[in-house]
Amino acid sequence: MSVPRISPGSRRDVGVLTWAFAQVAGRVTGTTPPNIFLTLGRHRSLFRGWLVFAGRLMPGGTLPRRESELVILRVAHLADSAYERTQHRRLGARAGLTDVEMDRVELGPQAPGWSPRERALLLATDELHHTRDLGDETWELLRGHLDERGLIELVMLAGHYELLATALHVLRVQPDRPRR
């Protein structure tokens, strides 16, 4: 990836609240303040609205964190998002995913070792990425594992991380460095 098209903002660029939030987020994740927050934070009102929405999906969603991270990591792989992949491997490990499982995400839903529910989530993520829709067969498969709220959330989660991967790529947001 080349240099950022919009560089991460300073405290003056993003405001004291976003700056402080980014500092805390970096400590929690073991990285420098996240470039995503300091870049998107340059548009303060949009950033605040996005942060509330994103927080409702993850970590505040109804899907178990481990499953959310599987979906996000699969989107990161399909969208070739180095930022999402790097960030969510750290978060996935905190949610209980092993390195083997996170590596296996790249092999997709047909890889051995997934539970039926995990396979359904990954299959739906692939289908949403490739077709922007879910066929009736996939929908019925998911209905065997998720209630209505979970179905809505899964579609919104995958779509949100597709949007985010696009923004990160276009803006050339660089992965965060580990904190020393």
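Which residue forms a salt bridge with Glu69, and how far apart are the closest N and O atoms? I looked this up in a predicted model. The partner is Arg65, and the closest N and O atoms are 3.4 Å apart.

**Entry 1: Glu69**

I placed Glu69 in helix H5. Arg65 is in helix H5 too, 4 residues away, so about one helical turn separates the pair. Glu69 has a relative accessible area of 0%; buried means under 20%, so Glu69 counts as buried. Arg65 comes out at 31% and is therefore partly exposed.

I also looked for a polar partner of the Glu69 side chain and noted the side chain of His88, at 2.7 Å. Setting aside neighbours within four places in sequence, I listed the contacts of Glu69 as Met58, His88, Leu91, Gly92, Ala95 and Leu97.

**Entry 2: other salt bridges**

I noted 11 salt bridges in the structure.

Glu106 is bridged to Arg85, with the closest N and O atoms 3.7 Å apart. I recorded Glu106 as partly exposed, because its relative accessibility is 35%.

Glu162 is bridged to Arg132, with the closest N and O atoms 4.0 Å apart. In this pair Glu162 belongs to helix H10 and Arg132 to the loop between H8 and helix H9 (136-143), 30 residues apart. Glu162 is buried, at 12% relative accessible area, whereas Arg132 is exposed, at 58%.

I also found Arg66, Glu101 and Glu118 joined into one network by salt bridges that share partners.

**Entry 3: nonpolar cores**

Which residues have the most contacts inside the largest nonpolar core? I noted Leu142, Leu154 and Leu157, in a core of 33 residues. At least two residues of this core come from each of helix H2 (16-29), helix H3 (35-40), helix H4 (44-57), helix H5 (65-78), helix H6 (82-94), helix H8 (116-131) and H10. The helix that gives the most is H10, with 8 residues.

I took Leu157 for a closer look. Not counting residues up to four places away in sequence, Leu157 touches Leu57, Met58, Leu63, Ser68, Val71 and Ile72. A second, separate core has 8 residues, among them Leu73, Leu97, Ala111 and Trp114.

As background, I wrote down that nonpolar side chains tend to be buried together in soluble globular proteins.

Is Ile152 buried or exposed? I looked up its relative accessibility, which is 58%; the cut-off for exposed is over 50%, so Ile152 counts as exposed. Ile152 lies in helix H10 (residues 148-171). Together with Phe53 and Met156, Ile152 makes a nonpolar surface patch of about 280 Å².

Leu17 was the next one I checked. Leu17 is placed in helix H2, and its relative accessibility is 72%, so Leu17 also counts as exposed. I noted a separation of 9.9 Å between the C-alpha atoms of Leu17 and Arg44, which are 27 residues apart along the chain.

Key: Residues numbered from 1 in each chain as written. Predicted model: local features only at pLDDT ≥ 70, side-chain atom pairs only at ≥ 80, totals over all residues. Heavy atoms only, no water. Patch = residues over 30% accessible without salt bridge, like charges linked within 9 Å, V, L, I, M, F, W, Y side chains within 5 Å. Areas by Shrake-Rupley, 256 points an atom, 1.4 Å probe, with all protein chains shown as cover. Salt bridge = Lys/Arg side-chain N within 4 Å of Asp/Glu carboxyl O. Buried < 20%, exposed > 50% of the residue type's maximum accessible area, 1.4 Å probe, protein only. Core = buried A, V, L, I, M, F, W, Y, C linked by side-chain atoms within 4.5 Å. Contact = heavy atoms within 4.5 Å. Polar contact = N/O pair within 3.5 Å; in protein donor to acceptor, adjacent residues only side chain to side chain.
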